[in-house]
Amino acid sequence: MFTLIQLPYAQDALEPVISRQTLEFHHGKHLQTYVDNLNKLIIGTEYENMSLEEIVCKSQGGIFNNAGQILNHNLYFTQFIGTQTTPQGTLLDAINRDFGSFDNFKAEFEKAGTTLFGSGWVWLSADKDGRLVITQEPNAQNPITKGLRPLLTMDVWEHAYYLDYQNRRAAHLQSLWQIINWQEIERRYTNS
Ligand code: MN
């Protein structure tokens with residue numbers, strides 16, 4: 001059985017970038033629903049004892065959609081709030097190498113997020129050689145299905161920003177940089 005991850009910060013810790021109300025709905029209602037749905041769907045199936053990553057790589061349909069959304073949100077909610085507000089060290093070197101500069105990386109990432117049509121996620125991932133790539137993933141998709149290692153994500157489903165930003169997706173994405181925990185992103189990059 002999968003459980004709802006605990007947030008590693010208070011419900012109002014991301015304000016004003018993400019309001020307490022958005023966080024309460026996004027984590028407490030949307031993510032909880034994906035968890036409840038997946039737990040019902042996998043009972044008595046081959047997926048019952050698999051890890052979330054395995055389910056995402058092997059399933060389709062409703063099981064894939066709910067497992068993908070849990071994996072995506074777990075990575076999303078655990079990437080906020082820390083002491084390091086910009087990338088440093090190995091990760092900064094890789095960003096400079098693969099995108100030219102941190103500013104250029106942010107511009108390309110925001111563009112990928114604003115031009116993704118409909119619901120989905122924009123991701124920074126590493127390939128098997130440690131090269132960094134930005135991908136747009138529709139709906140519940142996660143870059144692990146392409147053999148990539150996900151590092152950083154922005155959720156562009158309207159439920160992630162509509163209460164705070166209404167239709168201004170670009171403004172929401174731009175403001176998210178203020179709360180990214182780059183220590184955690186670097187840990188994900190260097191940990192395998
Ligand atoms: Mn979401």
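I note here that the model is predicted.

I then looked up the geometry of this pair. Helix H4 covers residues 89-99 and helix H5 covers residues 102-115; their axes lie 8 Å apart, at an angle of about 70°. H4 is therefore roughly perpendicular to H5, because angles of 65 to 115 degrees count as such. For the contacts, I listed Leu92, Ile95, Asn96 and Phe99 on the H4 side. Their counterparts in H5 are Phe102, Asn104, Phe105 and Glu108.

Next I turned to the strands. I found an open sheet of three strands in the order E2-E1-E3, paired in the antiparallel sense. E2 and E3 are its edge strands, each pairing on one side only.

I examined E1 and E2 in detail. Strand E1 (residues 120-126) pairs with strand E2 (residues 132-138) over seven bridges, in the antiparallel sense. I checked two of the partners: Val122 is bridged to Gln136 in E2, and Ala126 to Leu132 in E2. The two strands form a hairpin with five residues between them. In the turn, I noted a positive phi of about 85° at Gly130.

Within E2 I selected Thr135. Is Thr135 buried or exposed? Thr135 counts as buried, because its relative accessibility is 13% and the limit for that class is under 20%. Leaving out residues up to four places away in sequence, I found that Thr135 touches Trp121, Val122, Trp123, Pro143, Lys146 and Leu148. I also looked up its separation from Asn167: 32 residues in sequence, and 22 Å in space from C-alpha to C-alpha.

His26 and His159 link distant parts of the chain, being 133 residues apart. I located His26 in helix H1 (residues 20-42) and His159 in the loop between strand E3 (149-155) and helix H6 (162-165). Both His26 and His159 are buried.

Terms used:
Residues are numbered from 1 along each chain as its sequence is written. This is a predicted model: local features need pLDDT of at least 70, side-chain atom pairs count only at pLDDT 80 or more; totals for chains, interfaces and linings use all residues. Side-chain values use heavy atoms; hydrogens and water are left out. Two strands pair if DSSP finds at least two bridges between them. Helices (H or I, at least four residues) and strands (E, at least two) are DSSP runs, numbered from the N terminus. Buried means under 20% relative accessible area, exposed over 50%, partly exposed in between (1.4 Å probe, protein chains only). Axes are lines fitted to C-alpha atoms, for helices over the stretch in contact, and angles run from 0 to 180 degrees between N-to-C directions. Angles under 35 degrees count as roughly parallel, over 145 as roughly antiparallel, 65 to 115 as roughly perpendicular and the rest as oblique. Contact means heavy atoms within 4.5 Å.
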